[in-house]
Amino acid sequence: MTTKVSIDGLIQDEAAAMIPVTDRGFLYGDSVYEVVRTYGGKPFALTEHLDRLHQSAARLSISLPEGLEPISRDIHATLDAAGHPESYVRAIITRGSGPIGLDPGLADRPRRVVIVAPFQPLPALWYDEGVSIHLVVTGRSGGPTLVAGAKSGNYLVNVLALGVARAQGAHEAILVDHDERVTEGATSNLFLVSDGELLTPPLSAGILEGITRHKVFGLAAAAGYPVHEKVIHRRELLSADEIFLTSTLREILPVQRVDDQQVGSGCPGPMSRRLLEEYRVAALA
Ligand code: PDD
């Protein structure tokens, strides 16, 4: 099964797909993107992902005169060309190419890239036993920055934090700011259960508004456990009864260890297990 790539609507095998080195996505991370996965061959929550892509582009003032129709068409055409049973889809819009220089006005026109690879499920054991996370103080706070809330291609802080976490043998890095507040994972949102309450950091913590996070709000409310958005300090994480990560690729992934400390009983708790079950039912519906 080969990975297919669409560049401005031209679909090729991954090895043949090229973009110019002057593309600003390559030079500066001057791009926005989404990761989508399929269930039953269909892209899940595509409308929400396209809406967020649009908002991210607007935050970066990347103008899309034709709207999202072209990239939506590319996603469907590339999925058809790839023909995988289940796919990982990465949809990227860069500001485009032009003379080298930071000035965004130098860009010619936005470039669309869609990568469709076979979907590789995460090991079932990770869901049965939980994964480990490592807290990394990054000082990251999206609050006052210009790109706050946008899913831009500039992930260097997250890349470095994940490198630190992986060197410690952890699955995911959790970004902690200078005031010891927990924000989010390198590519995930974080929830915890403490004294029977389901908590997650607020958007004002400078986190991405995850689509899976939003789905968890709905599932949890329906199950009678409304989510409370609350500033979470590092010490609260260490005393939580349950912790789980959410993201498109992970769905709802229980956490077993925070650094060298066990979470709760050391096994995925009832809230994490129930929400994962319900999430999968909803995704396959
Ligand atoms: N990342 N926070 C960050 C920083 C992320 O990069 C992601 C997702 C999330 C979770 O968002 P969602 O539930 O919409 O997937 C939170 C994608 C999956 C990635 O970069 O691979």
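Guide: What follows is an account of the domain interface and then of the residues around the ligand.

The model is a predicted one. Its chain is divided into domain 1, covering residues 4-118, and domain 2, covering residues 124-284. Between the C-alpha centres of domain 1 and domain 2 the separation is 26 Å. Where the two parts meet, 22 residues of domain 2 are in contact with 19 residues of domain 1. About 1,800 Å² is buried between domain 1 and domain 2, and carbon and sulfur atoms give 61% of that area. On the side of domain 1, the residues that lose the most area to domain 2 are Tyr33, Tyr39 and Arg52, which together account for 34% of what that side buries.

The polar side of the interface can be described next. Seven residue pairs in polar contact are found across the interface of domain 1 and domain 2, both residues of each pair being at pLDDT 80 or more. Two elements of domain 1 give two or more residues to the side that touches domain 2, namely strand S3 (31-39) and helix H2 (46-59). Strand S3 provides the largest share of that side, with eight residues. By residue type, the side of domain 1 that touches domain 2 divides into 10 nonpolar, four polar and five charged residues.

Salt bridges also cross this boundary: two are found across the interface of domain 1 and domain 2. Arginine 37 forms a salt bridge with glutamate 251, and the closest N and O atoms of this pair are 3.5 Å apart. In the structure as a whole there are 18 salt bridges. Another of them joins the side chains of glutamate 34 and arginine 52, with an N to O distance of 2.8 Å. Because glutamate 34 lies in strand S3 and arginine 52 in helix H2, this pair ties together parts that are 18 residues apart in sequence.

For tyrosine 155, a polar side-chain atom lies 2.5 Å from an oxygen atom of the ligand. The side chain of threonine 212 has an N or O atom 2.6 Å from an oxygen atom of the ligand. For threonine 248, an N or O atom of the side chain is likewise 2.6 Å from a ligand oxygen atom.

Terms used: Residues are numbered from 1 along each chain as its sequence is written. This is a predicted model: local features need pLDDT of at least 70, side-chain atom pairs count only at pLDDT 80 or more; totals for chains, interfaces and linings use all residues. Side-chain values use heavy atoms; hydrogens and water are left out. Domain bounds come from an automatic or database domain assignment. Contact means heavy atoms within 4.5 Å. Buried area is the accessible area (1.4 Å probe) that two parts lose on being put together, summed over both. A salt bridge is a side-chain nitrogen of Lys or Arg within 4 Å of a carboxyl oxygen of Asp or Glu. A polar contact is a pair of N or O atoms within 3.5 Å; within protein, one must be able to donate a hydrogen and the other to accept it, and residues adjacent in sequence count only if both atoms are side-chain atoms. Helices (H or I, at least four residues) and strands (E, at least two) are DSSP runs, numbered from the N terminus. Ala, Val, Leu, Ile, Met, Phe, Trp, Tyr, Cys and Pro count as nonpolar, Asp, Glu, Lys and Arg as charged, and the others, Gly among them, as polar.
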